[in-house]
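Visitor: I'm new to reading protein structures. Could you walk me through this one?

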Amino acid sequence: MPTILIVDDDPAILEILRAYLQAEGYTVLEAADGHAARALLPRADLAVLDWMLPGVCGVDLALEARAEGLTLPLLMLTARGEEEDRLRGLDTGVDDYVVKPFSPREVVARVRALLRRSGVQAQVNHGGLRIDLRSHAVTLDGAPLELSRLEFDLLTALAHHPGLAWTRERLLERVWASDGSGTERVVDVHITALRRKLGDTSDAPRFIETIRGVGYRFRED
């Protein structure tokens, strides 16, 4: 299932949103301040951001995320409900806006809608490849594929965003939750193993393409 990052300095809000989102089957990451959220954003498929945060506010986090090319949907939670504040939040690149106090069920519904609009779904079907995020099952032309956890996470990250170029550094952050200590060679080794299982060849890749000098991408066609 997609991974949702909740960023809020109120433990009660973290607890209730975690419970509701996990009940829907989502994987949940949490951060209580903007600095902690920075490291987790590349690992998330969607982020729920509080406006007022210690360290770095939600508005600045949204601006940074968009400046760095992160395309994940952003949902802003805030007590600031004036029209001017809502417009300012949307102008930062936030995709939706919920005013406190809020209904947790409404937040879940907004999350579901944003994920649907962004194309992040519980299943990916592409050219004979089927990925089921609920069961962690992968089939190719109807035959099951045995993937390691890292191979599954790597394939899911790429397949959820066909055509998007991923640098090795970004894949380390997303799949390995790396703090910068990992090596790009680790990515190459796992891509090679994954391609072998997918039947990809370097001269005629069916699914995963190499972008010379950049990294990798999942084919769109």
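Visitor: Where does Pro144 lie?

Guide: Let's start there, keeping in mind that this is a predicted model. Leaving aside its neighbours within four places in sequence, Pro144 is in contact with Val138 and Thr139. As for its own element, Pro144 belongs to strand 9, residues 143-145.

Visitor: Is Pro144 buried or exposed?

Guide: To call a residue exposed, we want over 50% relative accessible area. Pro144 passes that mark, so it counts as exposed, with a value of 63%.

Visitor: How far apart are the C-alpha atoms of Pro144 and Leu129?

Guide: Along the chain, these two are 15 residues apart.

Visitor: Let's head for helix 6. Why is helix 6 described as largely enclosed by the rest of the structure?

Guide: Look at who is buried there: the list includes Leu150, Phe152, Leu155 and Leu158. Glu151 and Thr156 are on that list as well. Helix 6 is largely enclosed because its buried residues number 9 of the 11.

Visitor: Which residues touch the most other members of the largest nonpolar core?

Guide: Nonpolar side chains tend to be buried together in soluble globular proteins. Here, the largest nonpolar core has 27 residues. Strand 7, strand 8, helix 6, helix 7, helix 8 and strand 12 each supply at least two of its residues, and helix 6 gives the most, with 7. The members with the most contacts inside this core are Leu129, Ile131, Leu155, Leu158 and Ile208.

Visitor: Which residues does Leu155 touch, not counting residues up to four places away in sequence?

Guide: Leu155 is one of the buried residues of helix 6. With those sequence neighbours set aside, Leu155 touches Leu129, Ile131, Val138, Leu147, Leu194, Leu198 and Phe218.

Visitor: And how many residues are in the second, separate core?

Guide: That core includes Leu5, Ala31, Trp51 and Tyr97. Its size is 24 residues.

Visitor: Which residue takes a positive phi in the hairpin of strand 11 and strand 12?

Guide: This hairpin has 3 residues between the strands. The angle to look for is a phi near 80°, and it belongs to Gly213.

Visitor: Last stop, Asp200. How far away is the nearest side chain of opposite charge?

Guide: Asp200 is found in the loop between helix 8 and strand 11, and it is buried. Its side chain has a polar atom 2.8 Å from the backbone nitrogen of Arg206, and it reaches the backbone nitrogen of Ile208 at 2.9 Å. A salt bridge would need the charged atoms within 4 Å. Asp200 has none, and the nearest side chain of opposite charge, Arg195, is away by 4.6 Å.

Note on methods
Residues are numbered from 1 along each chain as its sequence is written. This is a predicted model: local features need pLDDT of at least 70, side-chain atom pairs count only at pLDDT 80 or more; totals for chains, interfaces and linings use all residues. Side-chain values use heavy atoms; hydrogens and water are left out. Helices (H or I, at least four residues) and strands (E, at least two) are DSSP runs, numbered from the N terminus. Buried means under 20% relative accessible area, exposed over 50%, partly exposed in between (1.4 Å probe, protein chains only). Lys and Arg count as positive and Asp and Glu as negative; His and the chain ends are not counted. A polar contact is a pair of N or O atoms within 3.5 Å; within protein, one must be able to donate a hydrogen and the other to accept it, and residues adjacent in sequence count only if both atoms are side-chain atoms. A nonpolar core is a set of buried Ala, Val, Leu, Ile, Met, Phe, Trp, Tyr and Cys residues joined through side-chain atoms within 4.5 Å. Contact means heavy atoms within 4.5 Å. Two strands pair if DSSP finds at least two bridges between them.
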